Amino acid sequence: MSDYRQDSYGRDERRRRDDDDYPPRRQRSYSPRRRSDDMYRRDRESRDPLKDDIMMDLRDFAHYTREKNQRQGKPPLEQDEVERRYDVYRITFTKTQNDKLFKSHFQDEWFKEKYHPELSGPFHNQIYQRKKEVLEQFEIDLNDGKFDAVSFDEVEKDVNGGPPQHSNEEENQNQNDQPMEESQVVPFLLDPIKPYSLFIKGISSSIKREDILELCKTIPGFKYLELTDPRPDKRMSRLGWIVLENGSDLDAALAKVDGQQIGESYLGVAIQREMTFSARSFSAHSEKPSRLQYDATQIKELAKLLDKEAGIDEDHGCFLIEKRLQEIILPTIPPTEDTNEMDEEDKGIQTASIKKQLDYYILYLYLVHFYDYYSGVESTCPEDHSRRGALPSRKPLSTLREMSSKVFWLSKLDSRVKLRMGQYNLPDSMVTFGFKDVELEQDKVVSLYIRKESESKYRCTECQKLFRGDDFVRKHIKSKHEQVISQVAIETEYFNNFCKDFNKLEMKSFQNTSTNRERNNGNYRPDYRERNYERRGREGPRNERRSIKSYHDLDAPVGGEIQLSYD
């Protein structure tokens, strides 16, 4: 009989040789799916949405709410009630997170130069000047016909697994016989751009822009200094680019600034490589004719707004695009009340015409305004946008599957565009995006300067005058003591500018979002780092999960818990 203790299968549970203190090998679970489900259930039960810095999705929130309701002995909740409670939680969560982030960074230099209504002028003026310079090259390429073949339709593959191949005769025939079929569309590619700039690999957000500018101004041909927002996953460090005049000596500029000390940090600089353009695939719901028409109308309004913000003249930008489209666009069919009256050929020509307009404006926003239409990513310079943004690739209608999540994606796209264009209703936006009302905030401050003496006596604590009613003393303070409320309007606009930015920092940016739970929308399955068994080559079982860095580990924001009321 064996001297070793045996498991349920009659196998020896051996210890390592020459290591009496080593614990016995743990018995492996032979039901990994059941064990994973149990770990997922325990994880959801212990996850309190009121104390988590990452917003729960509806599925996890419904599971948590129903189990909590069951433990309290209350009747089960209907789906409509769960969704109503989730809306309350989502709105309250957004407000609380915006307040935390704003209170943590409103005194930072990078935060003021981006959102402050009075101090952000020079920062935005530099962005607008850069857009005008990029526009000059865009108009040259536009007039040369470089963008005439623009098309962001995903190419259907042939039976061999590759894009359709065309001979020269077929290509010449397609140029004369319009419109081209979708299967014959050649993917539109942009040539890499070689910028005259130096890349700053990483610099602390505590270093002021002016300190870096002093060093950059010593470089011959220096034009701009571009800095990104701090990156929470990189300890709030920032990337940057030193933009030089075309034809500048990049090697000499690199030798001048690389390794230079600024404060307690040293600059790590390299020559910026060629800017390439990546592609991102989008749902076939964006390929529907009705959706194409809606996007074409919406993107024109957005482009005109961005042109106006940047100070682009009316005879440039959108005007030149429309002029070019009239020269090369496919013939359009006048809209009719009954689309069934149009034959298939006319419908195809009209759809191709709408696509050409839409794709031209998508490319214009991407190259000139550093704006990604479908994803909403907006950058401050072309170097950063080539890193963050991507050109779209629309899947063909043949791959369309009716899924509510895709339709929700389109509604989210529309809300982002409306938010960027300022087309929102303030009362609704206060609830959805956490905006603050200027008049309401001013009334809160005015209340601090009112003291009630009796039922019909109210005193202004600023000048000690008495009034017979609360309304009278409020009007008095707003008209005679404007210094009391003047700063409130600036601070409220400062906060609202931050809330309106779709690309702003979020609490989830400070979390390790690469775990399976966030990546699979709550379908949590533990990976090898979280499993509770011995791994080969290790000195023992790994029992502890890897701790996730919280937001407080980085910036220690003002604490506080979310208080919800579903009544």
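This is a predicted model: local features need pLDDT of at least 70, side-chain atom pairs count only at pLDDT 80 or more; totals for chains, interfaces and linings use all residues.

Student: Great. How many helices and strands does the protein have?

Tutor: There are 19 helices and 11 strands. Both are DSSP runs numbered from the N terminus, helices being H or I with at least four residues and strands being E with at least two.

Student: And what percentage of the residues is buried?

Tutor: Buried residues account for 41% of the 567 in the protein. Buried means under 20% relative accessible area, exposed means over 50%, and partly exposed is in between, using a 1.4 Å probe and protein chains only.

Student: What about contacts between residues at least 6 apart in sequence?

Tutor: Of those contacts, 68% join residues at least 24 apart. A contact here means heavy atoms within 4.5 Å.

Student: Let's pick a helix. Is α11 mostly covered or mostly uncovered?

Tutor: Mostly covered, with 17 of the 24 residues of α11 buried. Helix α11 runs over residues 344-367 and reaches 34 Å from its first C-alpha to its last, close to the 34 Å expected at 1.5 Å a residue. That expected span is 1.5 Å times one less than the number of residues in the helix.

Student: Which residues link α5 and α11?

Tutor: On the α5 side they are V134, L135, F138 and L142, and they meet Y360, Y364 and L367 in α11. By class, this contact has seven nonpolar, no polar and no charged residues. For those classes, Ala, Val, Leu, Ile, Met, Phe, Trp, Tyr, Cys and Pro count as nonpolar, Asp, Glu, Lys and Arg as charged, and the others, Gly among them, as polar.

Student: At what angle do α5 and α11 pack?

Tutor: The angle is about 150°, and the axes are 10 Å apart. Axes are lines fitted to C-alpha atoms, for helices over the stretch in contact, and angles run from 0 to 180 degrees between N-to-C directions.

Student: Which residues touch the most other members of the largest nonpolar core?

Tutor: F138, F147, L363 and Y364 do, in a core of 42 residues. α11 gives the largest share of this core, 10 residues. A nonpolar core is a set of buried Ala, Val, Leu, Ile, Met, Phe, Trp, Tyr and Cys residues joined through side-chain atoms within 4.5 Å.

Student: What does Y364 touch?

Tutor: Not counting residues up to four places away in sequence, Y364 touches L135, F138, A303, D307, I312, G317, C318, I321 and H369. Another core lies apart from the largest one, with 21 residues, including I200, L215, I219 and L227.

Student: Switching topic: how do α16 and α17 pack?

Tutor: Helix α16 (residues 470-480) and helix α17 (residues 482-500) pack at about 80°, with their axes 6 Å apart. The two are therefore roughly perpendicular to each other. For the cut-offs, angles under 35 degrees count as roughly parallel, over 145 as roughly antiparallel, 65 to 115 as roughly perpendicular and the rest as oblique. In α16, I477, K478, S479 and K480 meet E482, Q483, V484 and I485 of α17.

Student: What do the buried residues of α17 pack against?

Tutor: They pack against α3, α4, α15 and α16. Among the buried residues of α17 are V488, Y494, F495 and F498.

Student: Where is D372, and is D372 buried or exposed?

Tutor: D372 is in the loop between α11 and α12. D372 is buried, at a relative accessible area of 2%. D372 touches R280, V377, H385, G389 and A390, leaving out residues up to four places away in sequence. From D372 to G389 is 17 residues in sequence and 6.0 Å in space, C-alpha to C-alpha.

Note on methods: Residues are numbered from 1 along each chain as its sequence is written. Side-chain values use heavy atoms; hydrogens and water are left out.
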